[in-house]
Amino acid sequence: MKMSQVRVPSRKAAAALLSLPLLLTGCEMPFALDPRGPAAAEIAGIWWLLFWTATVVSMIVFALLGVAIVRARAIAREQDAAGGDPREGKPADVGDGHGAPARVSWLEGRTTGFVIIGGGIIPGVILIATTFMTLSGLAVFDTPPEDVAFTVTVRGHMFWWEIEYPDHGVVTANEMHIPVGQSVRVELESADVIHSFWVPQLHGKLEMVPGRTNVIYIQADEAGVYFGKCAEFCGQQHANMEFLVIAEPEGDFEAWAERQAEDAPEPTDALAERGRDVFVDSQCALCHTIRGVSTGAPGAGPDLTHLGTRRTLAARTLVNVRGNLGGWILDPQGIKPGSRMPAVNVPSEDFIALLEYLDGLR
Ligand SMILES: [Cu+2]
(Lines give C-alpha, C1' and ligand atoms only; values in the text may rest on other atoms or scores of the structure.)
Protein backbone atom coordinates (compact mmCIF):
# COMPACT_ATOMS: atom_id res chain seq x y z
CA MET A 1 0.00 0.00 0.00
CA LYS A 2 1.30 3.44 -0.85
CA MET A 3 1.55 5.99 1.97
CA SER A 4 -0.96 8.26 0.24
CA GLN A 5 -3.57 5.53 0.59
CA VAL A 6 -3.29 5.38 4.37
CA ARG A 7 -6.19 7.20 6.01
CA VAL A 8 -4.91 9.66 8.53
CA PRO A 9 -7.53 10.72 11.13
CA SER A 10 -8.40 14.40 10.97
CA ARG A 11 -6.99 16.79 13.53
CA LYS A 12 -10.41 17.22 15.11
CA ALA A 13 -10.88 13.48 15.53
CA ALA A 14 -7.43 13.16 17.06
CA ALA A 15 -8.12 16.01 19.50
CA ALA A 16 -11.44 14.45 20.51
CA LEU A 17 -9.73 11.11 21.04
CA LEU A 18 -6.97 12.62 23.16
CA SER A 19 -9.43 14.48 25.39
CA LEU A 20 -11.41 11.31 26.14
CA PRO A 21 -9.35 10.28 29.18
CA LEU A 22 -9.85 13.77 30.62
CA LEU A 23 -13.61 13.42 30.29
CA LEU A 24 -13.50 10.03 31.94
CA THR A 25 -11.69 11.34 35.00
CA GLY A 26 -13.91 14.43 35.20
CA CYS A 27 -10.62 16.38 35.28
CA GLU A 28 -10.21 15.66 38.99
CA MET A 29 -7.52 13.66 40.68
CA PRO A 30 -9.06 10.25 41.43
CA PHE A 31 -9.45 9.69 45.17
CA ALA A 32 -6.94 6.87 45.35
CA LEU A 33 -4.22 9.13 43.94
CA ASP A 34 -4.91 11.79 46.53
CA PRO A 35 -3.97 9.77 49.62
CA ARG A 36 -4.54 11.04 53.18
CA GLY A 37 -3.20 8.11 55.13
CA PRO A 38 -0.01 6.03 55.21
CA ALA A 39 -1.45 2.89 53.59
CA ALA A 40 -3.11 4.80 50.77
CA ALA A 41 0.11 6.77 50.23
CA GLU A 42 2.05 3.52 49.85
CA ILE A 43 -0.49 2.23 47.33
CA ALA A 44 -0.51 5.50 45.38
CA GLY A 45 3.31 5.31 45.33
CA ILE A 46 3.12 1.91 43.62
CA TRP A 47 0.60 3.30 41.16
CA TRP A 48 2.89 6.17 40.19
CA LEU A 49 5.88 3.83 39.93
CA LEU A 50 3.99 1.61 37.48
CA PHE A 51 2.62 4.63 35.65
CA TRP A 52 6.00 6.26 35.05
CA THR A 53 7.65 2.94 34.16
CA ALA A 54 4.92 2.26 31.61
CA THR A 55 5.16 5.82 30.30
CA VAL A 56 8.93 5.69 29.76
CA VAL A 57 8.74 2.23 28.17
CA SER A 58 5.96 3.22 25.80
CA MET A 59 7.74 6.43 24.85
CA ILE A 60 10.85 4.45 23.93
CA VAL A 61 8.81 1.88 22.00
CA PHE A 62 6.92 4.58 20.09
CA ALA A 63 10.16 6.44 19.35
CA LEU A 64 11.69 3.24 17.90
CA LEU A 65 8.54 2.67 15.89
CA GLY A 66 8.78 6.22 14.57
CA VAL A 67 12.41 5.71 13.56
CA ALA A 68 11.51 2.46 11.81
CA ILE A 69 8.69 4.12 9.85
CA VAL A 70 10.83 7.07 8.77
CA ARG A 71 13.68 4.80 7.72
CA ALA A 72 11.42 2.44 5.86
CA ARG A 73 9.85 5.30 3.94
CA ALA A 74 13.28 6.71 3.08
CA ILE A 75 14.45 3.35 1.79
CA ALA A 76 11.25 2.86 -0.18
CA ARG A 77 11.74 6.28 -1.80
CA GLU A 78 15.34 5.45 -2.68
CA GLN A 79 14.22 2.15 -4.17
CA ASP A 80 11.54 3.84 -6.22
CA ALA A 81 14.06 6.38 -7.47
CA ALA A 82 16.67 3.74 -8.35
CA GLY A 83 14.16 1.23 -9.60
CA GLY A 84 15.56 -1.38 -7.23
CA ASP A 85 17.23 -1.94 -3.88
CA PRO A 86 19.79 0.87 -3.62
CA ARG A 87 22.14 -1.16 -1.46
CA GLU A 88 22.28 -4.41 -3.31
CA GLY A 89 20.98 -3.57 -6.74
CA LYS A 90 18.18 -6.12 -6.44
CA PRO A 91 14.77 -5.64 -8.09
CA ALA A 92 12.27 -3.45 -6.23
CA ASP A 93 9.88 -6.25 -5.34
CA VAL A 94 12.33 -8.32 -3.34
CA GLY A 95 10.44 -7.48 -0.12
CA ASP A 96 6.80 -8.35 0.37
CA GLY A 97 6.10 -8.12 -3.32
CA HIS A 98 4.45 -4.71 -2.97
CA GLY A 99 7.50 -2.53 -3.09
CA ALA A 100 8.24 -2.53 0.66
CA PRO A 101 11.91 -2.90 1.54
CA ALA A 102 13.21 -6.27 2.56
CA ARG A 103 15.46 -5.06 5.37
CA VAL A 104 16.12 -2.00 7.44
CA SER A 105 19.81 -1.42 7.07
CA TRP A 106 20.65 -0.04 10.51
CA LEU A 107 19.39 -3.21 12.23
CA GLU A 108 21.17 -5.54 9.88
CA GLY A 109 23.27 -8.06 11.78
CA ARG A 110 22.09 -6.63 15.09
CA THR A 111 18.57 -8.05 15.23
CA THR A 112 19.28 -11.02 17.53
CA GLY A 113 21.02 -8.92 20.14
CA PHE A 114 18.36 -6.24 19.87
CA VAL A 115 15.54 -8.73 20.41
CA ILE A 116 17.28 -10.44 23.33
CA ILE A 117 18.13 -7.22 25.14
CA GLY A 118 15.17 -5.07 24.16
CA GLY A 119 12.53 -7.79 24.18
CA GLY A 120 13.82 -10.04 26.96
CA ILE A 121 16.39 -8.67 29.36
CA ILE A 122 15.11 -5.09 29.80
CA PRO A 123 11.42 -6.07 30.19
CA GLY A 124 12.51 -8.92 32.50
CA VAL A 125 14.44 -6.58 34.78
CA ILE A 126 11.56 -4.09 34.85
CA LEU A 127 8.94 -6.77 35.55
CA ILE A 128 10.97 -8.40 38.32
CA ALA A 129 11.75 -5.04 39.95
CA THR A 130 8.15 -3.81 39.83
CA THR A 131 6.85 -7.18 41.08
CA PHE A 132 9.08 -6.97 44.15
CA MET A 133 8.18 -3.35 44.79
CA THR A 134 4.46 -4.14 44.43
CA LEU A 135 4.69 -7.13 46.77
CA SER A 136 6.60 -5.19 49.40
CA GLY A 137 4.08 -2.36 49.06
CA LEU A 138 1.20 -4.78 49.54
CA ALA A 139 2.62 -5.56 52.97
CA VAL A 140 0.54 -2.59 54.16
CA PHE A 141 -2.34 -5.06 54.17
CA ASP A 142 -0.65 -7.55 56.47
CA THR A 143 1.59 -5.60 58.80
CA PRO A 144 -0.15 -4.30 61.90
CA PRO A 145 1.06 -0.80 62.85
CA GLU A 146 2.91 -0.57 66.18
CA ASP A 147 0.23 1.39 67.98
CA VAL A 148 -3.39 0.56 67.39
CA ALA A 149 -5.93 2.83 69.09
CA PHE A 150 -8.90 0.41 69.14
CA THR A 151 -10.93 -2.03 67.07
CA VAL A 152 -14.05 -1.35 65.02
CA THR A 153 -16.15 -4.10 63.49
CA VAL A 154 -17.71 -3.28 60.15
CA ARG A 155 -20.30 -5.75 58.90
CA GLY A 156 -21.47 -5.54 55.31
CA HIS A 157 -25.19 -6.01 54.64
CA MET A 158 -27.11 -5.78 51.40
CA PHE A 159 -26.88 -2.69 51.07
CA TRP A 160 -25.65 -0.89 54.15
CA TRP A 161 -22.86 -0.96 56.73
CA GLU A 162 -23.22 -1.94 60.36
CA ILE A 163 -20.49 -0.29 62.41
CA GLU A 164 -19.70 -1.45 65.92
CA TYR A 165 -17.19 -0.13 68.46
CA PRO A 166 -16.92 -2.94 71.03
CA ASP A 167 -14.57 -0.95 73.31
CA HIS A 168 -16.90 2.05 73.31
CA GLY A 169 -20.24 0.24 73.41
CA VAL A 170 -21.34 1.94 70.21
CA VAL A 171 -23.37 0.55 67.32
CA THR A 172 -24.13 2.78 64.36
CA ALA A 173 -24.46 2.58 60.59
CA ASN A 174 -22.94 3.95 57.41
CA GLU A 175 -20.77 6.49 59.22
CA MET A 176 -17.53 5.65 60.93
CA HIS A 177 -15.67 8.10 63.13
CA ILE A 178 -11.96 7.80 63.84
CA PRO A 179 -9.44 9.98 65.66
CA VAL A 180 -6.98 11.75 63.35
CA GLY A 181 -3.42 10.41 63.19
CA GLN A 182 -4.23 7.16 64.99
CA SER A 183 -4.32 3.72 63.54
CA VAL A 184 -7.59 1.87 63.91
CA ARG A 185 -8.00 -1.86 63.50
CA VAL A 186 -11.05 -2.64 61.39
CA GLU A 187 -12.49 -6.14 61.45
CA LEU A 188 -14.45 -6.78 58.29
CA GLU A 189 -17.34 -9.22 58.24
CA SER A 190 -20.35 -9.90 56.08
CA ALA A 191 -23.89 -10.81 57.02
CA ASP A 192 -24.86 -12.10 53.60
CA VAL A 193 -22.82 -11.98 50.38
CA ILE A 194 -19.28 -10.84 49.61
CA HIS A 195 -18.79 -7.10 49.93
CA SER A 196 -15.58 -5.11 49.81
CA PHE A 197 -14.53 -2.28 52.11
CA TRP A 198 -12.86 0.59 50.29
CA VAL A 199 -11.96 4.08 51.46
CA PRO A 200 -9.75 5.15 48.54
CA GLN A 201 -7.99 8.00 50.33
CA LEU A 202 -7.13 5.83 53.33
CA HIS A 203 -6.43 2.31 52.07
CA GLY A 204 -6.89 -0.27 49.34
CA LYS A 205 -9.88 -2.58 49.03
CA LEU A 206 -10.41 -5.57 51.27
CA GLU A 207 -13.12 -8.16 50.84
CA MET A 208 -15.78 -8.85 53.45
CA VAL A 209 -16.44 -12.56 53.21
CA PRO A 210 -19.31 -14.36 54.98
CA GLY A 211 -18.00 -16.61 57.74
CA ARG A 212 -14.60 -15.02 58.12
CA THR A 213 -13.02 -11.89 59.52
CA ASN A 214 -10.55 -9.88 57.48
CA VAL A 215 -8.54 -7.18 59.19
CA ILE A 216 -7.45 -3.84 57.79
CA TYR A 217 -5.72 -0.95 59.58
CA ILE A 218 -6.77 2.51 58.60
CA GLN A 219 -5.33 5.84 59.61
CA ALA A 220 -6.13 9.37 58.43
CA ASP A 221 -3.35 11.91 58.67
CA GLU A 222 -5.71 14.86 58.23
CA ALA A 223 -9.10 15.62 59.68
CA GLY A 224 -11.81 15.30 57.07
CA VAL A 225 -14.74 13.38 55.68
CA TYR A 226 -13.61 10.46 53.57
CA PHE A 227 -15.76 8.67 51.06
CA GLY A 228 -16.09 4.89 51.27
CA LYS A 229 -17.73 2.41 48.97
CA CYS A 230 -18.53 -1.25 48.52
CA ALA A 231 -16.09 -2.45 45.88
CA GLU A 232 -17.52 -5.89 45.19
CA PHE A 233 -20.73 -6.26 43.22
CA CYS A 234 -23.26 -7.50 45.75
CA GLY A 235 -26.67 -7.04 44.17
CA GLN A 236 -29.19 -4.55 42.86
CA GLN A 237 -28.24 -1.65 45.14
CA HIS A 238 -24.49 -2.23 45.16
CA ALA A 239 -23.96 1.20 43.62
CA ASN A 240 -25.77 2.80 46.57
CA MET A 241 -23.75 1.03 49.22
CA GLU A 242 -21.49 3.82 50.36
CA PHE A 243 -20.37 5.21 53.69
CA LEU A 244 -18.35 7.98 55.28
CA VAL A 245 -15.26 7.88 57.45
CA ILE A 246 -15.03 11.00 59.55
CA ALA A 247 -11.58 11.69 60.94
CA GLU A 248 -11.62 14.24 63.74
CA PRO A 249 -9.36 15.43 66.58
CA GLU A 250 -9.23 12.97 69.47
CA GLY A 251 -11.38 15.12 71.79
CA ASP A 252 -14.15 15.37 69.20
CA PHE A 253 -13.96 11.67 68.55
CA GLU A 254 -14.26 10.83 72.27
CA ALA A 255 -17.24 13.19 72.60
CA TRP A 256 -18.88 11.55 69.60
CA ALA A 257 -18.29 8.03 70.96
CA GLU A 258 -19.61 8.96 74.41
CA ARG A 259 -22.79 10.35 72.96
CA GLN A 260 -23.29 7.40 70.61
CA ALA A 261 -22.95 5.01 73.55
CA GLU A 262 -25.87 6.62 75.36
CA ASP A 263 -29.44 5.43 75.03
CA ALA A 264 -31.69 7.36 72.68
CA PRO A 265 -32.71 10.81 73.92
CA GLU A 266 -36.20 11.03 75.45
CA PRO A 267 -38.84 12.76 73.30
CA THR A 268 -39.12 16.42 74.31
CA ASP A 269 -42.73 17.10 73.30
CA ALA A 270 -46.08 15.35 72.94
CA LEU A 271 -45.75 14.93 69.16
CA ALA A 272 -42.37 13.22 69.43
CA GLU A 273 -43.66 11.09 72.27
CA ARG A 274 -46.50 9.92 70.08
CA GLY A 275 -43.95 9.29 67.33
CA ARG A 276 -42.04 6.98 69.62
CA ASP A 277 -45.20 4.99 70.30
CA VAL A 278 -45.92 4.79 66.59
CA PHE A 279 -42.42 3.44 66.03
CA VAL A 280 -42.65 0.86 68.81
CA ASP A 281 -46.10 -0.32 67.75
CA SER A 282 -45.29 -0.62 64.05
CA GLN A 283 -43.14 -2.98 62.04
CA CYS A 284 -40.27 -0.50 62.25
CA ALA A 285 -39.35 -1.84 65.68
CA LEU A 286 -39.04 -5.39 64.37
CA CYS A 287 -36.03 -4.45 62.27
CA HIS A 288 -34.57 -1.36 63.93
CA THR A 289 -32.97 -0.99 67.32
CA ILE A 290 -33.37 2.29 69.17
CA ARG A 291 -31.48 1.68 72.38
CA GLY A 292 -33.77 2.03 75.38
CA VAL A 293 -36.84 1.85 73.12
CA SER A 294 -36.78 -1.14 70.78
CA THR A 295 -34.63 -4.11 69.90
CA GLY A 296 -34.77 -5.03 66.25
CA ALA A 297 -33.84 -8.47 64.97
CA PRO A 298 -30.03 -8.62 64.81
CA GLY A 299 -28.75 -7.25 61.52
CA ALA A 300 -32.24 -6.65 60.10
CA GLY A 301 -31.71 -2.90 59.75
CA PRO A 302 -29.46 -0.02 60.83
CA ASP A 303 -29.41 1.01 64.50
CA LEU A 304 -31.40 4.25 64.71
CA THR A 305 -30.48 5.27 68.29
CA HIS A 306 -28.69 8.44 67.16
CA LEU A 307 -30.01 8.63 63.61
CA GLY A 308 -30.20 12.43 63.67
CA THR A 309 -26.42 12.76 64.14
CA ARG A 310 -25.66 11.05 60.84
CA ARG A 311 -24.95 13.04 57.72
CA THR A 312 -26.63 10.69 55.27
CA LEU A 313 -29.41 8.10 55.03
CA ALA A 314 -29.53 4.64 53.48
CA ALA A 315 -25.79 4.21 52.94
CA ARG A 316 -25.19 7.68 51.50
CA THR A 317 -28.15 7.52 49.13
CA LEU A 318 -29.77 10.65 50.65
CA VAL A 319 -28.62 13.64 52.65
CA ASN A 320 -30.06 13.36 56.15
CA VAL A 321 -32.63 16.15 56.29
CA ARG A 322 -36.22 15.77 57.43
CA GLY A 323 -37.74 15.84 53.94
CA ASN A 324 -35.49 13.04 52.75
CA LEU A 325 -36.13 11.05 55.91
CA GLY A 326 -39.87 11.30 55.28
CA GLY A 327 -39.43 10.34 51.64
CA TRP A 328 -37.35 7.35 52.61
CA ILE A 329 -39.85 6.02 55.14
CA LEU A 330 -42.78 6.45 52.71
CA ASP A 331 -41.07 4.92 49.70
CA PRO A 332 -37.78 3.12 50.34
CA GLN A 333 -38.32 0.92 47.28
CA GLY A 334 -38.81 3.95 45.05
CA ILE A 335 -35.60 5.55 46.31
CA LYS A 336 -33.49 2.42 46.56
CA PRO A 337 -35.25 -0.38 44.61
CA GLY A 338 -34.30 -3.77 45.96
CA SER A 339 -33.16 -2.48 49.35
CA ARG A 340 -34.07 -4.64 52.33
CA MET A 341 -36.48 -2.13 53.82
CA PRO A 342 -40.15 -2.53 52.85
CA ALA A 343 -42.57 0.37 52.63
CA VAL A 344 -44.57 0.37 55.87
CA ASN A 345 -48.06 1.83 55.84
CA VAL A 346 -48.20 4.64 58.42
CA PRO A 347 -51.35 6.85 58.68
CA SER A 348 -50.52 10.48 57.91
CA GLU A 349 -50.90 11.99 61.44
CA ASP A 350 -48.82 9.14 62.80
CA PHE A 351 -46.30 9.77 60.06
CA ILE A 352 -45.74 13.40 61.10
CA ALA A 353 -45.24 12.27 64.69
CA LEU A 354 -42.88 9.49 63.65
CA LEU A 355 -40.82 11.95 61.64
CA GLU A 356 -40.67 14.39 64.54
CA TYR A 357 -39.43 11.63 66.82
CA LEU A 358 -36.82 10.11 64.47
CA ASP A 359 -35.43 13.50 63.47
CA GLY A 360 -34.94 14.25 67.17
CA LEU A 361 -32.73 11.19 67.75
CA ARG A 362 -29.50 13.16 68.11
CU1 LIG B 1 -21.63 -4.36 47.99
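Leu188 stands opposite Asn214 in strand β8. That pair belongs to a predicted model. Strand β5 (residues 184–190) and β8 run antiparallel, joined by five bridges. In total, the protein has nine helices and twelve strands.

**The sheet with β5 and β8**
- Five strands make up this open sheet, in the order β3-β2-β1-β5-β8. Its pairing is mixed.
- The edges are β3 (170–173) and β8 (214–218). Each has a single partner strand, so one side of each is left without a neighbour in the sheet.
- On average, neighbouring strands here are turned by 25° against each other, direction ignored.

**The sheet with β6 and β9**
- Strands β6 (residues 195–198) and β9 (residues 224–230) run antiparallel and are joined by two bridges.
- Trp198 has Lys229 in β9 as its bridge partner.

**A pair of helices**
- Helix α2 (residues 38–82) and helix α3 (residues 111–137) have axes that come within 9 Å. They cross at roughly 170°.
- That angle makes α2 roughly antiparallel to α3, because angles over 145 degrees count as such.
- On the α2 side, the residues that meet α3 include Glu42, Ile43, Leu49 and Val57. On the α3 side, they include Ile126, Met133 and Gly137.
- The residues of this contact divide into seven nonpolar, five polar and one charged.

**The nonpolar core**
- The largest nonpolar core holds 55 residues. Val154, Ile178, Leu202, Ile218 and Leu358 touch the most other members.
- Helix α9 (residues 348–359) gives the most to this core, with five residues.
- In soluble globular proteins, nonpolar side chains tend to be buried together.
- Leaving aside neighbours within four places in sequence, Leu202 is in contact with residues including Arg36, Ile218, Tyr226 and Val245.
- Across the protein, buried residues make up 28% of the 362 residues.
- Take the contacts between residues at least 6 apart in sequence: 64% join residues at least 24 apart.

- A cis peptide bond joins Met158 and Phe159, with omega about 5°. Phe159 sits in the loop between β1 (151–157) and β2 (160–165).
- Asn174 is not a glycine, yet its phi is positive, about 60°. Asn174 lies in the loop between β3 and β4.
- Why does Asn174 count as buried? It has 23 other C-beta atoms within 10 Å, and a residue is buried at 20 or more.
- Ala315 also has a positive phi of about 60° although it is not a glycine. Its place is the loop between β11 (312–313) and β12 (318–319).
- Ala315 counts as buried because it has 25 C-beta neighbours inside 10 Å.

Key
Residues are numbered from 1 along each chain as its sequence is written. This is a predicted model: local features need pLDDT of at least 70, side-chain atom pairs count only at pLDDT 80 or more; totals for chains, interfaces and linings use all residues. A nonpolar core is a set of buried Ala, Val, Leu, Ile, Met, Phe, Trp, Tyr and Cys residues joined through C-beta atoms within 7 Å. A residue is buried if 20 or more other C-beta atoms lie within 10 Å of its own, exposed if 12 or fewer, and partly exposed in between; C-beta atoms are placed from the backbone. Helices (H or I, at least four residues) and strands (E, at least two) are DSSP runs, numbered from the N terminus. Two residues are in contact if their C-beta atoms, placed from the backbone, lie within 7 Å. Two strands pair if DSSP finds at least two bridges between them. Axes are lines fitted to C-alpha atoms, for helices over the stretch in contact, and angles run from 0 to 180 degrees between N-to-C directions. Angles under 35 degrees count as roughly parallel, over 145 as roughly antiparallel, 65 to 115 as roughly perpendicular and the rest as oblique. Ala, Val, Leu, Ile, Met, Phe, Trp, Tyr, Cys and Pro count as nonpolar, Asp, Glu, Lys and Arg as charged, and the others, Gly among them, as polar.
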